[in-house]
Amino acid sequence: MTELAERPDGVPAARRRPRRRTAAPAGARPEAPAGQDWSAWPTYNDAELGFRDFWYPVEWARRIGAKPVPVTLLGEKIVLIRDGGTVRALHDRCPHRGVPLSLGRRQFDGTISCPYHGWTFDLEDGRLCAVLTDGPESPICGRLAVRTYPVAERLGLVWVYVGDGDPPPVERDIPSELTQNAFVMGGRTDIRKGNWRFAAENGFDEGHAKYLHNTALWRLFKVMPAWNKTRIVESGTDGWLIRVQDEVHWEAEFPGYGTFTNKRWWKRMPLPDHPGKSADINPVIEKMDIPGFVSIRLPGLLRVAYPHFIHYEWYVPVDSERVRYVQIMVRFEGGLKAAVFKAKYLSWIRWLFHGQFTGQDAWMVDVMDAPPEKLYRPDLSLTAWRRHIENSALKVQRLRGARGR
């Protein structure tokens, strides 16, 4: 693993020269002082719609049937439909007059017809194969097509690839522990307000859990540290950035003000700073040998590893102002233990953890307004993530024309 060392503001000294400032027009928002904006991370700054050439989870597979389902991914309108046993994905716009194909009907097997004039498209390749209101010999047939997207089904989810050329195997964008081990899982997806970058930064943020979440019911009996000293290491496998705690402080004395602590008389379980610290750990998680509690990887996937289970969060860009929040909780168990977990998840964990707890995160992502920003020492996790993106030669998603191909 490679340790990533940097200043808390993440900007090399050579790049922190003050910018020349000019007078702003009356009523304009003042320009952010040097170091407060995202100019040090130009790729990240441009990535409000996310990154191309990745697979993204977009919906539970059980929800996709013969009826068209519209979704928006990285700003692109897509219609999902199951054709036999295969899910297909097409650009959700008829090129005739721009009517959404997701409003259409299945006139023939393997096709979808626009509800307006019956323009009919092949689900596999998007080719215009019939125009119902122009007869079997319509001269426009075969001359047009709508864009199609590669689709895969894994983890009970439908994955769509947004990119150019032939896609890599979907397993590239799924954590290897989920493709190499048996497990039981529970999950929840919803669309939340806020840009995906704020959601990802909130997940990897080192400081907020100690304060924002100290009122969460999920943490009712768990003691959290008051503050830590943290560093970020980069895993040599799967491209994870991992938060590692070098110091854990359970109380903080502020002279003249008092003591800040998350300790309470009813809290008996200290939150582990890495899963291997527990004497009772699942064998699969132990074998993973994760040195920290929280990890993040491209294109926007968080992993929170506990001794007995792992929680994953995908931050999937919908558009510049909304994010699809895909959450799953995994236990690497089978038989009776798996059944017990599933019952617990459906009865209370889904509401308590994937609802109320992460709902606090959704609240902050919704109201966040940055840049400009002033960063502090624990924000080294955010700047490490931004730097990782800058160093990864990523292709930023741009807003495509509504008319598609």
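Two strands count as paired if DSSP finds at least two bridges between them. Strands (E, at least two residues) and helices (H or I, at least four) are DSSP runs numbered from the N terminus.

The structure is a predicted model, in which local features need pLDDT of at least 70, side-chain atom pairs count only at pLDDT 80 or more, and totals for chains, interfaces and linings use all residues. Residues are numbered from 1 along each chain as its sequence is written, and side-chain values use heavy atoms, with hydrogens and water left out.

The protein chain has seven helices and 21 strands. Of its 405 residues, 51% are buried, meaning under 20% relative accessible area with a 1.4 Å probe, protein chains only.

| Pair | Residues | Bridges |
|---|---|---|
| S3 and S4 | 69-73 and 76-83 | five |
| S7 and S8 | 119-122 and 128-131 | three |

Strands S3, S4 and S5 form an open sheet in that order, with antiparallel pairing. S3 and S5 (86-91) stand at the edges with a single partner strand each, so one side of each has no neighbour in the sheet. Neighbouring strands of this sheet are turned by 35° against each other on average, direction ignored; the axes are lines fitted to C-alpha atoms, and angles run from 0 to 180 degrees between N-to-C directions. Thr72 stands opposite Lys77 in S4.

S7 and S8 make a hairpin with five residues between the strands. Phe121 has Leu128 in S8 as its bridge partner, and Gly126 takes a positive phi near 75°.

Technical notes: Buried < 20%, exposed > 50% of the residue type's maximum accessible area, 1.4 Å probe, protein only.
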